[in-house]
Amino acid sequence: MSRKTELRWRGTVASRGLVLGPVVVRRSTEGTARRQGTPDEEWQALTDAVERTQQRLQGLAETADEMAAEVLEVQLAILDDEGLLDPAREAIEGGAPADRAWVDVLGDLIAVYEAEEDEYFRARAADLKDLRDSVLAALNGADEVPVATEGSTAILVDRELTPSRFLEMDWTRFRGAALTGGSATSHVAMLARSRGIPLLVGLDGDLSALPQAVEAVLDAEEGWLVLKPEEATRAAFGQAVAARAKEAEQQAAYLAQPAETAGGRRITVLMNVDDPGAVEALDPGHCDGIGLTRTEFLFTGSSLPDETTQYQVYAALVRWASGRPVTIRTLDAGGDKPIAGLTPDGEMNTFLGVRGIRLSLARPDVFRVQLRALARAAALGPLKVMCPMVTVPEEIVQVRELLSQVIMDLRTEGTACAMPQLGMMVEVPAAALRAGGFAVDFYSIGSNDLVQYVTATARDNGALAPLHNPRDPAVLELIGRVVKAGAAADREVSVCGDMAAEPEFLPILLGLGLSAVSVAPAALARVKATIARFDG
Ligand code: PEP
Ligand code: MG
């Protein structure tokens with residue numbers, strides 16, 4: 001990088017916003033193959049990775065709750081075992097790369113635990129898979145969560161970011177991020193939009209030569225990361241920030257009002273919740289309720305959340321909403337949201353795999369816990385349960401059966417509970433084509449996945465962005481059908497995918513007759529302002 005001249009890197013806007021600040025460069029190699037060194041280097045790399053993982057787990061154990069601490073202790077005890085790495089050493093000396101040697105060692109151990117009769121030991125296999133992945137991440141240099149000082153305006157620049165890594169990061173220390181990989185429709189992009197964190201993906205720069213702390217403008221409006229910005233760029237940045245602030249002020253005027261089109265049509269504006277802990281800071285009066293809670297982000301810790309933990313989270317949302325409906329989606333693990341020990345290993349195509357309701361129905365032991373917590377929270381207010389990735393009506397029949405069973409159990413135990421409304425995400429084309437045939441109380445269209453499945457473009461593949469088009473006539477045709485099916489059966493239809501929050505797409509949806517949307521908290525004001533401008 002030359003010392004003085006401004007350098008512009010192009011990127012795709014995944015979450016809008018503007019930031020001026022120093023870059024924090026991280027060069028994670030997630031998803032890219034390691035280059036194998038000599039046996040000595042491989043052995044050193046493995047022992048370093050194990051040591052770093054030990055330090056990281058010890059740090060986590062200090063602040064973890066009792067249950068998570070117990071899991072971390074088990075993992076630490078395994079790493080402490082002096083003989084653990086002996087077979088790996090042998091394999092490395094025989095020419096194996098460090099990651100393969102490590103995966104094989106853990107694979108043998110996992111197989112032993114999985115074959116145990118005792119359920120407690122079988123459950124530990126999941127902790128071992130988690131441990132395997134932690135050390136692998138360390139080997140790939142992807143384990144370090146970068147830090148900047150609190151309140152700084154730092155911009156994270158990296159190759160990739162996974163949803164779990166995003167959630168682990170303290171975003172009070174960063175104002176935005178730019179990635180050379182990624183895609184605008186991935187879950188990380190969605191999380192960034194939901195938190196209002198500016199994000200660029202597909203950056204066309206070379207990170208290997210980028211020094212730390214270089215000043216930069218992250219222009220996630222026009223799609224640029226400008227390194228060492230010149231005076232003119234800084235001035236333009238200042239103007240753009242002022243214009244955005246003015247626009248935000250105008251939009252904020254709509255926030256506390258019910259949404260209505262210029263033609264006087266009342267539109268229900270619900271909120272998407274990705275981080276239940278963050279709602280307390282929001283005013284429930286700014287929305288008509290919660291239209292989507294992505295519960296998979298409760299399952300990213302080192303152990304599955306138990307019934308009490310889940311109940312407390314759901315109950316807090318119902319209390320916060322003060323009588324407004326709260327829609328909680330059952331676990332949507334899989335696809336680009338794997339959960340170690342729960343989602344299957346080695347699927348060739350995870351987006352078409354055991355994901356969402358398919359996984360929940362395949363794991364009634366895990367699903368029952370969630371349904372019990374949901375039925376209990378439904379006793380506190382209007383809680384609605386929504387199933388992701390529904391494909392055939394039989395899946396809803398099975399969910400209803402399970403729900404009835406857990407309610408019967410809870411009543412027998414004398415535990416307060418209620419039967420919630422049951423709805424489905426419409427995100428699989430087969431379901432959209434015959435939405436009326438599902439015995440549900442409501443529909444919510446998951447446009448992020450619907451676009452992916454209709455256009456056969458993986459949502460995390462930035463190279464296919466032009467084809468991944470929510471405006472595709474086939475996508476709009478299906479959305480129109482679902483709206484009609486809902487009207488015919490007198491069932492609410494909303495759109496909770498990101499399309500609903502975009503000023504360029506929202507008028508199209510309103511034109512199709514849609515009367516409910518669910519959007520990220522950061523988009524509420526803009527969405528209400530867009531609705532107010534719609535003449536229909
Ligand atoms: C969707 O697919 O549009 C959706 C809202 O769900 P997710 O993005 O979590 O898959
Ligand atoms: Mg989806």
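Predicted model: local features only at pLDDT ≥ 70, side-chain atom pairs only at ≥ 80, totals over all residues.
Let me start with Ala 456, whose place is in the loop between α14 and α15, where helices (H or I, at least four residues) and strands (E, at least two) are DSSP runs numbered from the N terminus. Ala 456 has a positive phi of about 50 degrees although it is not a glycine. Most residues other than glycine have a negative phi.

Residues are numbered from 1 along each chain as its sequence is written, chains are lettered from A and ligands numbered from 1 in the order in which they are written, and side-chain values use heavy atoms, with hydrogens and water left out.

Now to the two helices themselves. The axes of α14 (residues 447-455) and α15 (residues 473-489) come within 9 Å and cross at roughly 125 degrees, the axes being lines fitted to C-alpha atoms, for helices over the stretch in contact, with angles running from 0 to 180 degrees between N-to-C directions. That makes α14 oblique to α15, given that angles under 35 degrees count as roughly parallel, over 145 as roughly antiparallel, 65 to 115 as roughly perpendicular and the rest as oblique. In this pairing, Leu 450, Val 451, Val 454 and Thr 455 of α14 meet Ala 474, Val 475, Leu 478 and Ile 479 of α15, contact meaning heavy atoms within 4.5 Å.

Which residues come nearest to ligand 1? Of the 17 residues around ligand 1 (a heavy atom within 4 Å), they are Arg 294, Arg 329, Asn 448, Asp 449 and Arg 459. A polar side-chain atom of Asp 449 lies 2.8 Å from an oxygen atom of the ligand, and an N or O atom in the side chain of Glu 427 is 3.0 Å from an oxygen atom of ligand 1. For Gly 446, a polar backbone atom is 3.4 Å from a ligand oxygen atom.

Turning to another loop, Asp 288 is found between β9 (268-273) and β10 (290-293). Its side chain makes a polar contact with the side chain of Arg 266, at 2.8 Å; such a contact is a pair of N or O atoms within 3.5 Å, and within protein one must be able to donate a hydrogen and the other to accept it, residues adjacent in sequence counting only if both atoms are side-chain atoms. A polar atom of the Asp 288 side chain also lies 2.7 Å from the backbone nitrogen of Val 269.
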